[in-house]
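Below are some comments for a colleague who is opening this model and has not seen it before. They are set out as numbered points, to be read beside the sequence and the coordinates.

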Amino acid sequence: DGYLKGQFILVLLSELLGIFLLVFINKRKVPKPILLFDLDGTIMDSRRMVLYCYAYLFKKYSLLKNFTMDKQEAVFGASLKEQITKFFPNQDANVLVQEYRQYQRSFSWSKEVSLFPKTYETLEYLWSKGYTIGLVSSRLTESCESWLKQLQLIHCFSVVVGRDQVKHPKPSPTSIMFACQRVKASTSNCVYVGDNITDIQAARRAGVYAIAFNTEKKKLASLKKEKPNKIINCLDELKDILKEDHAWTYDKM
């Protein structure tokens with residue numbers, strides 16, 4: 001009789017322990033993910049500046065009328081060298097890239113470049129809440145850091161990875177993975193926010209939680225095709241997204 005009672009107590013304790021562990025696991029919050037952002041078109045609206053710089057090249061090496069609407073849309077997404085090679089096949093792309101960058105450095109562009117609405121407040125909020133924030137851009141690192149300083153956001157960023165730090169640009173996942181390595185974080189706990197299909201492709205290939213930032217109706221369909229985890233129109237929406245309790249991977253395991 002005593003033996004049966006002992007066995008009953010052991011079974012009961014085992015069941016209680018199992019329930020406790022189940023509740024504990026379900027209530028346990030996943031750690032804060034590292035937050036990585038694209039720069040142009042996501043944090044800052046630089047469309048006018050970029051178009052002016054390309055227009056400068058078209059005026060010098062072609063005709064301004066050849067810088068059609070289709071070409072103007074094409075410059076947002078692919079790398080600078082890729083687009084210049086495509087637009088000016090008879091010119092030395094490396095020389096024109098340097099000329100483009102020199103022209104861009106020649107002006108402050110303060111009237112042509114601005115933060116998207118609520119961007120400053122959102123990044124300040126996330127930084128104050130202890131999130132590790134990084135930048136992954138197709139710009140050169142020096143240019144990225146210069147713009148972050150000009151926009152008074154440099155203090156929010158623990159890591160800045162520009163095009164010059166990696167061998168393969170987006171849509172390769174290399175730059176996202178490298179940014180995670182730099183802050184000793186895992187891609188299994190990372191969110192990447194970008195406005196182009198190459199951003200979403202890179203995030204998916206890196207296995208991180210992919211958020212598409214979109215302010216243009218004409219880009220929405222192409223972004224949806226890449227199947228991001230979420231699509232947002234304002235960075236402020238991140239506050240609610242980050243309250244969700246799941247793994248911060250593309251597959252949300």
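1. A disulfide is taken here to be a pair of cysteine sulfur atoms within 2.5 Å. With that cut-off, a search of the whole structure, which is a predicted model, finds zero disulfides.

2. Among the contacts with a separation of 6 or more, 65% are accounted for by residues 24 or more positions apart. The protein exposes about 14100 Å², and carbon and sulfur atoms supply 56% of that area.

3. Helix α2 (residues 47-61) deserves a careful look. At 1.5 Å a residue, its 15 residues should span 21 Å, and the end C-alpha atoms are 21 Å apart, which agrees. The buried residues in α2 are Met49, Val50, Leu51, Cys53, Tyr54, Ala55, Leu57 and Phe58, and what covers them includes α3 (69-74), α4, α5 and α7 (141-150).

4. The structure holds 15 aromatic pairs. One of them is formed by Tyr52 and Trp109, which are stacked at 6.2 Å centre to centre with 20 degrees between the planes. This pair links distant parts of the chain, as Tyr52 is in helix α2 and Trp109 is in the loop between α5 (93-105) and β3 (114-115), 57 residues apart. Tyr52 is partly exposed, with a relative accessible area of 39%, whereas Trp109 counts as buried at 8% relative accessibility.

5. Which arrangement do Tyr61 and Phe88 adopt as an aromatic pair? Their pair is edge-to-face, with 6.4 Å from centre to centre and 65 degrees between the planes. Here too the pair links distant parts of the chain, with Tyr61 in helix α2 and Phe88 in the loop between α4 (80-87) and α5, 27 residues apart. Tyr61 counts as partly exposed at 25% relative accessibility, while Phe88 is buried, with a relative accessible area of 4%. Both belong to one aromatic cluster, formed by Tyr54, Phe58, Tyr61, Phe67, Phe87, Phe88 and Tyr100.

6. The charged end of Lys32 sits over the ring of Tyr131, 5.5 Å from its centre, and Arg47 lies over the face of Phe76, at 4.3 Å from the ring centre.

7. Towards the end of the helix numbering, Ile241 lies in helix α11 (residues 238-241). Is Ile241 buried or exposed? Ile241 is buried, with a relative accessible area of 7%. Leaving aside residues up to four places away in sequence, Ile241 touches Tyr209, Ile211, Lys230, Ile232 and Trp248. In the case of Lys230, 11 residues apart from Ile241 along the chain, the two C-alpha atoms are separated by 8.7 Å.

Note on methods
Residues numbered from 1 in each chain as written. Predicted model: local features only at pLDDT ≥ 70, side-chain atom pairs only at ≥ 80, totals over all residues. Heavy atoms only, no water. Contact = heavy atoms within 4.5 Å. Areas by Shrake-Rupley, 256 points an atom, 1.4 Å probe, with all protein chains shown as cover. Phe/Tyr/Trp six-rings, centres within 6.5 Å; stacked < 30°, edge-to-face > 60°. Helix = DSSP H or I, 4+ residues; strand = E, 2+ residues; numbered from the N terminus. Buried < 20%, exposed > 50% of the residue type's maximum accessible area, 1.4 Å probe, protein only. Lys NZ or Arg CZ within 6 Å of the ring centre and 35° of its normal. Expected span 1.5 Å × (residues − 1).
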